[in-house]
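Subject: Structure handover

Hello,

The structure we discussed is below, with the sequence. My notes on what turned up in it follow.

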Amino acid sequence: MQRRNFLQTIAATPALIPSLSNRNKPTLKPARLKAGDTVGLVCPAAPAYSKQTVQVIVESMQALGFKVKFGKRMWERYGYLAGKDADRAADLNDMFADPSVQAIICVHGGWGCARLLPLLDYDTIKKNPKVLLGYSDVTALLLGIYSQTGLVTFHGPVGAVSWNEFTVGYLKKVLIEGEAVRYENPKVVGDNLTQVADRIDTIVAGKAKGRLLGGNLTVLSHLLGSPYVPDWKGSLFFCEDVDEAPYRVDRMLTQLKLSGIFDEMSGFIFGKCTECEPGNGSYGSLTLEDLWSDHLQPAQKPAFSGSMIGHIRQKFTIPVGIEAEMDAVTGVIQFLEKAVV
């Protein structure tokens, strides 16, 4: 009896369960940011552990010319989460509804953003398009909101990162200056005979065009099969990860392949997989290069790895949902349109 009543309740409230058809929304762009705008700080996943860290974020935003507003429940804590799901979702919904806030930056990643996806007010978000910025676990929000509303979101720094010249420079070009940006890795030889760090590894040579879609590999692979992922057809699929053994990366790439993403995408961009090398005792482990050969070379879509995307100090701000072109030999990503209006 209890099971039947539960199913009857679900059937009576279909609006609570988004359908896969909601993934093809017209593209909606937020307004570009300017001096004097207010940035809302929220914790949709892990809590804000350190007041000093938050103060550094505030001062960094002020250095960019922005004002700062805290989410009402930013300092709450529920285990490894920044409060209960409903409260964290309410903070995000409130920030989108607040006319005094022009952008929303997530303080941390961690885990917990996917738990909020059924609780977000997508109608309010669509009516109040704003910059939403973050990476890692925030991938769930970036893809979920884009798939449900068409709003371009931004895979870039969370508040608690190094706001260094490289990271800030690209963020300004995308969100403040509103450029159709060209992304290239830094070319620094130093005292070496050739470049060692931040090299581009061409997996399959060629150029491709499509919508930039992706994020953290672990998070997005766990969203597959839900209504909160976009249509991958014709996409420039990008991803990154951290602290994942090669066999786990292999498992996730296999999931992408079995889901048809490698068939649907136009091109593949892997950023950095920080601390993903075979560890002690991993006798006979495959390497990431082996995985590219096994999974991506057979797809024969332009592909490269090494882009400045991921859990790294210097990072690009990648818009989710705009058209771009990639060159798998040079590692260049060129926007074909602006990400903001």
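The largest cavity has a volume of about 60 Å³. This is a predicted model, and one cavity of 30 Å³ or more was found in it. The lining of the largest cavity consists of L33, M61, L64, F66, A103, I105, V131, L133, W163, L171 and L175. Two or more of these lining residues come from each of β3, β4 and α6.

The largest pocket holds about 370 Å³ of space. Its lining has 18 residues, of which C273, E277, L288, E289 and S305 are the closest to the centre. The largest contribution is from β10, with five residues.

Next, the sheet. Six strands form an open sheet in the order β2-β1-β3-β4-β5-β12, and the pairing is mixed. The edges are taken by β2 (67–70) and β12 (318–320); each has a single partner strand, so one side of each is left without a neighbour in the sheet. From one strand to the next, the twist averages 25 degrees. Strands β1 (residues 38–42) and β3 (residues 103–106) run parallel and are joined by four bridges. V42 has C106 as its bridge partner in β3.

Helix α3 (residues 85–97) lies across β1, β2, β3 and β4 (131–134), and runs at about 170 degrees to β1. Helix α5 (residues 139–149) packs on the sheet as well, where it touches β4, β5 (153–155) and β12. The direction of α5 makes about 155 degrees with that of β5.

How many residues of α5 are buried? The count is 11 of the 11, so α5 is largely enclosed by the rest of the structure. After α5 comes G150, which has a positive phi, near 85 degrees.

On the nonpolar side, the largest core has 106 residues, and the members that touch the most others are L120, L212 and F268. Helix α6 gives the most to this core, with seven residues. In soluble globular proteins, nonpolar side chains tend to be buried together. Beyond its neighbours within four places in sequence, F268 is in contact with F237, C239, F262, W292, L296, P302, A303, F304 and M326.

One loop residue is also on my list. V181 lies between α6 (165–176) and β6 (182–183). Is V181 buried or exposed? V181 is buried, because its relative accessible area is 1%, and the cut-off for buried is under 20%. Not counting residues up to four places away in sequence, V181 touches Y170, K173, V174, I333, Q334 and F335. Of these, F335 is 154 residues from V181 in sequence, yet the two are 5.4 Å apart in space, C-alpha to C-alpha.

Regards

Key
Residues numbered from 1 in each chain as written. Predicted model: local features only at pLDDT ≥ 70, side-chain atom pairs only at ≥ 80, totals over all residues. Heavy atoms only, no water. Buried < 20%, exposed > 50% of the residue type's maximum accessible area, 1.4 Å probe, protein only. Contact = heavy atoms within 4.5 Å. Pairing = 2+ DSSP bridges. Axes fitted to C-alpha atoms, helices over the stretch in contact; angles between N-to-C directions. Core = buried A, V, L, I, M, F, W, Y, C linked by side-chain atoms within 4.5 Å. 1 Å grid on protein atoms, 1.4 Å probe; cavity = no way out; pocket = protein on both sides within 12 Å on 5 of 7 lines; lining within 4 Å. Points joined across faces, edges and corners; volume = space filled by probe spheres on them.
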